[in-house]
Structures are given as structure tokens and as C-alpha cells.
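User: Hi! I am new to reading protein models and would like to learn how to go through one. Could you guide me step by step?

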Amino acid sequence: MPTRFELHGFAFSGPTYKVALALSLLGEPFDYVHVDLMGGEHKQPSYLFRQRYGQVPMLVDRNNGRQLCQSAAILEYLADMMGRFGGANLDERLQVREWMYWDFDRLAAPLYKARVIKIGFRQASPDVFEDCVAAAKNALSVLENHLAGRTWLVGEAVSIADIDIYGVVTFSNQAGIELAAYPRVSAWTGRVEALPGFKAQKDLLPMESRVAA
Ligand SMILES: N[C@@H](CCC(=O)N[C@@H](CS)C(=O)NCC(=O)O)C(=O)O
């Protein structure tokens, strides 16, 4: 039987990994479509027609034909559809959303940028790199403080806030940031990695398209 979900993405993309990880934790196998970012496939009219921002990821829900973009919005959609990881009540759902907005504002933007500079995907002056690292470290300190006495970011259970933010924090070392300096954040990443269905980015996202097994 064909899988319900088809994920379009790029192997080294953090936002693509967030969605792939959520699907894996939900136990939802998915067909994977490699988007050739290097070749500019994401800026072609045929792709832009489906993903207005010209970015990965895009998730297709074959049950209803929806073509979804923006990783945080996709995570909310999956939580709604599957009835898992969305928060136990309205207050928790609001907090989950706050964390995900905060993530792209304060954590993902500088940390992902530091990562692409560090691994050589993008050129930038040392000043720009250092600014990104400093901003990402500030955000990691916010997480470190918040996790005092907590197992998960919101409430008593893992949520899409954890999945979303894990999908950034996991690249800290590649961005030149030593995660060991944030012991609570490190311990929390260990809890995410111990969840049933957890897979690392390299085990979820190949460099070519793949039909689910
Ligand atoms: N806020 C978006 C960010 C997506 C994003 O930055 N995708 C990158 C790859 S990691 C991309 O498609 N870059 C190509 C471009 O923006 O032209 C999300 O979370 O989905």
C-alpha cells in the first residue's frame, strides 16, 4: 500500500530533518523525494507552484492532496492529524507554538547560519560567523535555564516543540558550538534520542529519492 506521506527535501537540511524525525517518531513511513537544491530545482516554476517559498521541506498528504510548507506548520499539522505531540490542553498547545516561533527567531536562524558557514556551504566574514555563534549561544542558554527541573520543553510529555528544537540543537557541534557546555540541553537531547522511532538525520535523509520500505 502506498504511504500516506511524501516528503520533499534535501539531505543536509535541518528543517527537512525536523519533519522526517516527526514522521519517524509517529511511526509513519514516508516516500522521500530528493530536491536538487544545488541545481536550483527549488526555484523552478514546477516546484514553486507547489511550494510558494521555493524552499524545502514540502510534505504531501496523499489522503487529501495537501501540499504543506514551513517545517513548524507541518509539525503542527502532523500533531493535529495524528493526535500526538501537540500538547495536552490549550495552554500547552500555546506554549508549544511559542517555543516554535522562538526557535526560528532566536535559535534556528543563527545556529543554522553558523553551521553552513562552518561546513563551507556559505562564505562569510569571521565577524558574521562570530555574531551567529554568539546569538545561538544566547538561545542555548535560554533553553538551558528553561530545562531546569523539566524533562520536556512543555508539560510532562514530548511535543513537537521538542522535535522542532531538537532539529536545530543537534547541529550545534557542526556549527562550532560545544553542546557539552549546556548540560541540561545535552541531557534533553539524550532523552529525545531515546524515544521509540528516533533516527539521526543521516539515517532518515538520503541524497536520492527513496520509496518507503
Ligand atoms: N522556515 C523554513 C526554512 C526552510 C529553509 O530554510 N530551507 C532551506 C534548506 S535548509 C532552503 O530551502 N533553502 C533554499 C532557499 O531558501 O532558497 C522551514 O522551517 O521550513
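Analyst: Happy to! Keep in mind that this is a predicted model. Let's begin with exposure: Asp127 is exposed, with a relative accessible area of 58%. The cut-off for exposed is over 50%, so Asp127 falls in that class.

User: Where does Asp127 sit in the chain's secondary structure?

Analyst: Asp127 belongs to helix α5, which covers residues 126–146.

User: How is Met82 classed by its accessible area?

Analyst: Met82 has a relative accessible area of 22%, so it counts as partly exposed. This residue is part of helix α3.

User: Now the ligand. Which residues surround it?

Analyst: The surrounding residues are Ser13, Pro15, His42, Lys43, Gly54, Gln55, Val56, Pro57, Gln70, Ser71 and Phe104. Sorted by class, this shell holds four nonpolar, six polar and one charged residues. Notice that Ser13, the contact partner of Thr16, is also in the ligand's surroundings.

User: How do I read the polar atoms around the ligand?

Analyst: Look for N and O atoms and check the distances. An oxygen atom of the ligand is 2.8 Å from an N or O atom in the side chain of Lys43. For the side chain of His42, the distance from a ligand oxygen to an N or O atom is 3.5 Å. A nitrogen atom of the ligand is 2.9 Å from a polar backbone atom of Val56.

User: How much of the ligand's area does the protein bury?

Analyst: Taken alone, the ligand exposes 510 Å², and the protein buries 73% of that. The space that the ligand takes up is the largest pocket.

User: What should I look for in the backbone?

Analyst: Then look for departures from it. Here a cis peptide bond joins Val56 and Pro57, with omega at about 5°. Pro57 lies in the loop between α2 (45–48) and β3 (58–61), and both Val56 and Pro57 are among the residues around the ligand.

User: What is the phi of Phe85, and is Phe85 buried or exposed?

Analyst: Phe85 has a positive phi of about 70°, and it is not a glycine. At 13% relative accessibility, Phe85 counts as buried. You can find Phe85 in the loop between α3 and α4 (90–118).

How values were computed:
Residues are numbered from 1 along each chain as its sequence is written. This is a predicted model: local features need pLDDT of at least 70, side-chain atom pairs count only at pLDDT 80 or more; totals for chains, interfaces and linings use all residues. Side-chain values use heavy atoms; hydrogens and water are left out. A residue is near a molecule or strand if one of its heavy atoms lies within 4 Å of it. A polar contact is a pair of N or O atoms within 3.5 Å; within protein, one must be able to donate a hydrogen and the other to accept it, and residues adjacent in sequence count only if both atoms are side-chain atoms. Accessible areas come from the Shrake-Rupley method with a 1.4 Å probe; for residues, only the protein chains shown count as cover. On a 1 Å grid over the protein atoms alone, a cavity is a set of points where a 1.4 Å probe fits but cannot get out, and a pocket is an open set with protein on both sides within 12 Å along at least five of seven lines; lining residues have an atom within 4 Å of a point. A molecule sits in a cavity or pocket if more than half of its atoms lie within 2 Å of its grid points. Ala, Val, Leu, Ile, Met, Phe, Trp, Tyr, Cys and Pro count as nonpolar, Asp, Glu, Lys and Arg as charged, and the others, Gly among them, as polar. Helices (H or I, at least four residues) and strands (E, at least two) are DSSP runs, numbered from the N terminus. Buried means under 20% relative accessible area, exposed over 50%, partly exposed in between (1.4 Å probe, protein chains only).
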